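Student: I would like to learn how to read a protein structure. Please take me through it one feature at a time.

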Amino acid sequence: RGAGCALSILCVSMNTPQDKAFLGISSSATGRRWVGPTGEEDRLAEAMVQDTGLPAPLCRILVRRGVNAQDAAAFLAPTLRDLLPDPRTLKDMDAATTRFLAALDRKERVAIFADYDVDGGTSAALLINWLRDMGLAATLYVPDRIDEGYGPNDEAMAALAQDHDLIICVDCGTLSHGPIAASKGADVIVLDHHLGGETLPDAVAVVNPNRQDESGALAHLCAAGVVFMMLVNANRVLREGGHKGPDLIGMLDLVGLATVADVAPLVGVNRAFVRQGLTVMARRNRIGMTALSDVAGLDQAPTSYHLGFLLGPRVNAGGRIGKADLGARLLSTNDKHEAESIAAKLDELNTDRREVEAQVRELALEQATARGLDGPLVWAAGEGWHPGVVGIVAARLKEATNRPAIVIGLDGIEGKGSGRSVSGIDLGAVIQRAAAEGLLIKGGGHKMAAGLTVARDQLEPAMARLSELLAKQGAGDIGPADLKISGILMPGAATIELVNQIENAGPFGAGAPAPRFAFPDCQIHFAKQVGANHLKISFGDGIGGRIDAISFGAMDGPMGPMLLAHNGARFHLAGRLEINTWQGRQSVQLRLEDAAPAH
């Protein structure tokens, strides 16, 4: 075959029935079966190429996302105008907006009670910035993770109520019946997205797409998305009264950051939030976000990857192991020096957090492995494990085992823990049920992430009950995660232009995984271990196309050593394409995820 022929092959599917492995790989270097497009997806993609003239790899991605040919153009250019639902479809929205604007009109004392993570911090910053633009200063209150735990508590709410007329709970409050009742003398609005109970607290309004009496159509919103919807409604009411509200488009950087960092599904309006949020962020108008980007070493236009892995963890670091309100203060400040100081502190705390996390992760994996990794729930609990890292460690256990995972830090007579789930398994619901049954002191969350507090003497029975409930959802029957492949790509076809076109089908993340391509029968030209456990290679097909690839953590498993000692053998390689920017120059790079010998 000639070079021209190879370069013209943009994407091939080599589809097989779904019970057969793609490229014949039933157990790769990481132990996974490769699964390619179905025959039906192939036919739809080929028809879309004919109808739209779009590249075949892009059409395969769109078909897998459920997009048809006539909707492809709109999907590739999501706009808030087209995708934003009417905020008033959410229950209590009008009541919340009316009370919020009354506080503005009467220049009341407003307090914002926010959760200590990115979603809470950005939600608080949205409200603080909006009110400040309208001439009203708000009080920020973020509870300490260790001393107060998640969500409103009686003491804090009672104290806030003494000095404020209105308390707005963001990213928390839906289950806080007692603390809201304790806020005597002040009205309370809840703007949240966590799973609601059978009854709601006695607040002026509880705006939450995950209330039990909601339709679920907007269940994918994070709390910052809910706050943004209320501000959209507030601006509409102001406009109808002949007044102008603050610029909301300029606040989408906050909503986009929260959406990605809270692992909200990137579907519907969330796509527009993130896509347009990234555009806003690239303008570097928000002092706090700019300071954070600089301290994180972000030297290019941000992507959803940067939100999730560079910026989000730093905003979170304050709530995990430092001062809980640092993230919200950073994102709402107008003072450049304060922003730079807080950003530097958060960067330092993030480094500390990584060290603490590594220690807990090693102990948790050892304990969970001894207990067994093939049940419906993988869990570990340890003395003094820092509450600020148990959620991250639970996420690592989940990724390693493809099972729901819970990690608990024990302190005194109780333990505080965090859980992460896999697709199709609702962890928040079973934790809420176990709490209702009295096996947990408290617990709640949503499908993919949840928190809990458990008495030390109830630890084993509580975990057994959660395992039983998760087993009923099929969590014990999940095998190793298949590696889903969008199609075959030849190295010479992986151009910067193609990667940019593929990015238009994004942003990619939760609920919208980035496409993964297989490069078949490739020869490794260069392989080198970098850092403690990463691998860098360069590979080609022997015809002319050549790509660099990086695989993080590859040396910790079998893939890294196998490719490092390639000895001229050829391999099928799979991963996600990205553009690498180095000293102002761009090149295509493969984020290598898996490999198998090409027999």
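Student: Which residues have the most contacts inside the largest nonpolar core?

Tutor: A word on the source first: this is a predicted model, in which local features need pLDDT of at least 70 and side-chain atom pairs count only at pLDDT 80 or more, while totals for chains, interfaces and linings use all residues. Residues are numbered from 1 along each chain as its sequence is written, and side-chain values use heavy atoms, with hydrogens and water left out.

Tutor: In soluble globular proteins, nonpolar side chains tend to be buried together. A nonpolar core is a set of buried Ala, Val, Leu, Ile, Met, Phe, Trp, Tyr and Cys residues joined through side-chain atoms within 4.5 Å. Buried means under 20% relative accessible area, exposed means over 50%, and partly exposed is in between (1.4 Å probe, protein chains only). Here the largest core has 78 residues, and Phe100, Leu127, Trp130, Ile168, Leu191 and Leu231 have the most contacts inside it. Helix H10 (residues 223-240) gives the most to this core, with ten residues. Helices (H or I, at least four residues) and strands (E, at least two) are DSSP runs, numbered from the N terminus. A second, separate core has 41 residues, including Ala29, Ala505, Ile547 and Leu573.

Student: Which residues is Leu231 in contact with, leaving aside its neighbours within four places in sequence?

Tutor: Contact means heavy atoms within 4.5 Å. With those neighbours left out, Leu231 is in contact with Phe100, Leu126, Leu127, Trp130, Leu248 and Met251.

Student: How many disulfides are there?

Tutor: A disulfide is a pair of cysteine sulfur atoms within 2.5 Å. By this rule the count is zero. Take Cys222: the closest cysteine sulfur, in Cys172, is 14 Å from its own, too far for a bond. Cys222 counts as buried because its relative accessibility is 1%.

Student: How many salt bridges does the structure hold, and what is one?

Tutor: Side chains of opposite charge can pair when their charged atoms come close. The rule for a salt bridge is a side-chain nitrogen of Lys or Arg within 4 Å of a carboxyl oxygen of Asp or Glu. The structure holds 33 of them. In one, Asp42 pairs with Arg60, with the closest N and O atoms 2.7 Å apart. Asp42 lies in helix H2 (residues 39-52) and Arg60 in helix H3 (residues 56-64), so the pair ties together parts that are 18 residues apart in sequence. Both Asp42 and Arg60 are buried.

Student: Where do Arg361 and Glu357 lie?

Tutor: Both lie in helix H16 (residues 336-371), four residues apart, which is about one turn of the helix. Arg361 counts as partly exposed because its relative accessibility is 34%, whereas Glu357, at 4%, counts as buried. Salt bridges link Arg353, Glu357, Arg361, Arg396 and Glu399 in a network.

Student: What is the mean pLDDT of the protein chain?

Tutor: The term pLDDT is the predictor's confidence in each residue, from 0 to 100. The chain has a mean of 93, and 97% of its residues reach 70 or more. Over residues 1-18 the pLDDT is below 50, and this stretch has 46 contacts in the model beyond near neighbours in sequence. Where pLDDT is low, the predicted coordinates should not be read in detail.
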